[in-house]
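Visitor: I would like to go through a structure with you. Could you take my questions as they come?
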Amino acid sequence: MEFSRLRKFTALAGVASLALVAAGCSGGGDKAASADNPVTLTVTTFGTFGYDDLYAEYEKQNPGVTIEATNIDRGSNARTDAFTKLAAGSGLSDVTAIEEGWLGSIMEVSDQFVDLKEHGAEDIKGNWVDWKYKQGTDPNGRVIGYGTDIGPQALCFNGKLFEAAGLPSDREKVAELFGGKDASWDTYFKLGRQYKEATGKAWYDQSGFVWNSMVNQMDEGYYTKDGKLNVEGNKEMRAKFDMLAAGTADGLSSNQTQFDWGNGKAFVDGSFATHVCPAWMLGTIKGQLESAGGGAASGWDVADVFPGGASNWGGAFLSVPKSSKHPAEAAKLAAWLTAPEQQIKQSAAANNFPSTLEAQAKIVEAAKPNELFNNAPYGAIFESRAEGVIAQFKGPDDSVIQENVFGPALKMLDSGKGTADQAWNEAVKLLNDLVVNN
């Protein structure tokens with residue numbers, strides 16, 4: 001594995017020293033769990049995974065297995081936790097969730113994870129959409145992660161706020177308003193200015209999530225397909241940045257804190273009217289509404305449309321580190337949790353969209369409405385939004401660039417403390433400080 005790469009991430013995590021220890025499988029991992037041979041499996045996830053009931057179900061089906069679960073609040077904090085433990089050579093859970101945004105950095109140290117081909121991955125590869133299975137495969141052909149969900153993007157909007165601004169609130173008419181299949185960011189910002197003029201209020205919660213969505217739509221994002229950094233001198237990316245900066249300068253951003261929103265208050269007090277919504281975001285919004293005492297009456301809905309067309313943001317994988325004492329049992333649990341039957345249950349619990357074809361089809365067939373989002377036909381919308389999605393290549397520092405390079409620069413825009421040029425230059429400076437010269 002690459003010592004310098006791992007050192008970079010532990011430095012970003014604030015780890016003072018690096019003690020990289022070769023991690024291997026300890027004894028006892030090949031003996032199957034049973035009532036006479038009890039095994040405790042640890043699992044670490046992040047955000048909203050919807051696994052609590054599934055853990056209990058698995059324990060019931062597998063006598064002798066006890067699951068000890070840890071959930072970390074955010075994917076970025078889970079990344080820090082994972083790389084800190086990789087640096088120490090121990091501490092990773094038997095089943096560890098990996099977010100798409102930092103999968104590229106995990107691939108740099110993929111030799112520290114079990115090849116799931118040794119535990120039957122090839123026999124079940126047909127479960128997943130093709131690109132999701134490929135994402136979990138390292139350059140040497142080793143499968144190091146089973147896919148959980150994917151993040152096709154739709155547009156969340158507040159129907160009550162739209163009506164107050166003289167805009168349509170019916171989700172099909174909203175999709176038409178934004179241009180349907182020809183929806184563009186030009187139209188999105190144009191409507192935002194119209195909304196701002198009519199109400200005096202912001203259009204989106206903050207610039208960071210809009211920016212992530214814009215970058216994820218590019219054929220090549222922060223990295224080219226052959227793994228080269230793709231920020232400095234990228235005219236297409238700079239043009240998108242300037243478009244966003246102009247909208248923010250016109251007051252379209254509510255300058256919310258990411259994954260906070262005033263403990264959900266901004267979703268119920270009319271602070272903003274639209275929100276970019278990869279499928280998993282619906283679960284996040286649900287939690288925020290509950291925190292703020294809101295519900296279906298808050299007016300939120302989701303439309304089968306997205307500016308710029310098909311886009312994927314996020315999704316996760318379940319991996320088994322080589323440091324696990326029970327790799328076979330851990331791989332069995334990871335495969336079970338990501339099987340279509342369980343992905344259907346996870347989707348219902350977490351409001352995300354599955355990565356397995358059978359689960360997607362059954363959710364669409366069931367046509368169960370999402371009551372919190374004005375009874376939106378959740379499955380049909382996200383099946384539609386998944387059409388045409390091509391997973392963008394994510395380089396080793398992709399999530400660092402997203403959060404630690406562009407995050408502060410976009411906050412400059414949201415807070416009105418910098419021009420587009422100043423914010424872009426700040427991002428380039430941070431890129432060189434944290435990525436290029438680290």
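This is a predicted model: local features need pLDDT of at least 70, side-chain atom pairs count only at pLDDT 80 or more; totals for chains, interfaces and linings use all residues.

Visitor: What does the secondary structure come to?
Guide: The protein has 18 helices and eight strands.

Visitor: And how does the radius of gyration fit a compact globule?
Guide: It agrees: a compact globule with 438 residues would have a radius of gyration near 22 Å, and the protein has 22 Å. The C-alpha trace spans about 70 × 50 × 35 Å along its principal axes.

Visitor: How many of the residues count as buried?
Guide: Of the 438 residues, 55% count as buried. The protein exposes about 17700 Å², of which carbon and sulfur atoms supply 47%.

Visitor: Which share of the contacts join residues at least 24 apart?
Guide: That share is 79%, taken among contacts between residues at least 6 apart in sequence.

Visitor: What about charge? How many positive and negative side chains are there?
Guide: There are 39 positive and 56 negative side chains. The centres of the two sets lie 3 Å apart.

Visitor: Let us turn to the cysteines. Which of them form a disulfide?
Guide: Cys156 and Cys277 do, with their sulfur atoms 2.1 Å apart. The count for the model comes to one disulfide.

Visitor: Where do the two partners sit?
Guide: Cys156 is in strand 4 (residues 146-158) and Cys277 is in strand 5 (residues 274-278). The pair is 121 residues apart and links distant parts of the chain.

Visitor: Is the disulfide left-handed or right-handed, and why?
Guide: The torsion about the S-S bond of Cys156 and Cys277 is about -115°, so the disulfide is left-handed.

Visitor: Is Cys156 buried or exposed?
Guide: Cys156 counts as buried because its relative accessibility is 0%, with the cut-off for burial at under 20%. Cys277 is also buried, with a relative accessible area of 0%.

Visitor: Moving on to the loops, where does Ile144 lie?
Guide: Ile144 lies in the loop between helix 6 (130-135) and strand 4. Ile144 has a relative accessibility of 1% and therefore counts as buried.

Visitor: What does Ile144 touch?
Guide: Leaving out residues up to four places away in sequence, Ile144 touches Ile106, Met107, Ser110, Phe113, Val114, Leu116, Gly136, Leu318, Ser319 and Val320. As for C-alpha positions, Ile144 and Ala121 are separated by 9.5 Å and are 23 residues apart along the chain.

Visitor: Now Val231: which loop holds it?
Guide: Val231 is in the loop between helix 10 (207-216) and helix 11 (235-249). With a relative accessibility of 4%, Val231 counts as buried.

Visitor: Which residues is Val231 in contact with?
Guide: Beyond its neighbours within four places in sequence, the contacts of Val231 are Tyr222, Met237, Phe406, Trp424 and Leu431. Val231 and Leu431 are 200 residues apart along the chain, yet their C-alpha atoms are separated by 8.6 Å.

Visitor: Last topic, the backbone. What is phi of Asn263?
Guide: Phi of Asn263 is near 60°, a positive value in a residue other than glycine. Most residues other than glycine have a negative phi. Asn263 lies in the loop between helix 11 and strand 5.

Visitor: And what is the phi of Asn374?
Guide: Asn374 has a positive phi of about 55° and is not a glycine. Its place is in the loop between helix 15 (357-366) and helix 16 (378-386). At 47% relative accessibility, Asn374 counts as partly exposed.

Notes:
Residues are numbered from 1 along each chain as its sequence is written. Side-chain values use heavy atoms; hydrogens and water are left out. A disulfide is a pair of cysteine sulfur atoms within 2.5 Å. Helices (H or I, at least four residues) and strands (E, at least two) are DSSP runs, numbered from the N terminus. Buried means under 20% relative accessible area, exposed over 50%, partly exposed in between (1.4 Å probe, protein chains only). Contact means heavy atoms within 4.5 Å. The radius of gyration is taken over C-alpha atoms; the globule rule is 2.2 Å times the number of residues to the power 0.38. Accessible areas come from the Shrake-Rupley method with a 1.4 Å probe; for residues, only the protein chains shown count as cover. Lys and Arg count as positive and Asp and Glu as negative; His and the chain ends are not counted. The place of a charge is taken as NZ of Lys, CZ of Arg, CG of Asp or CD of Glu.
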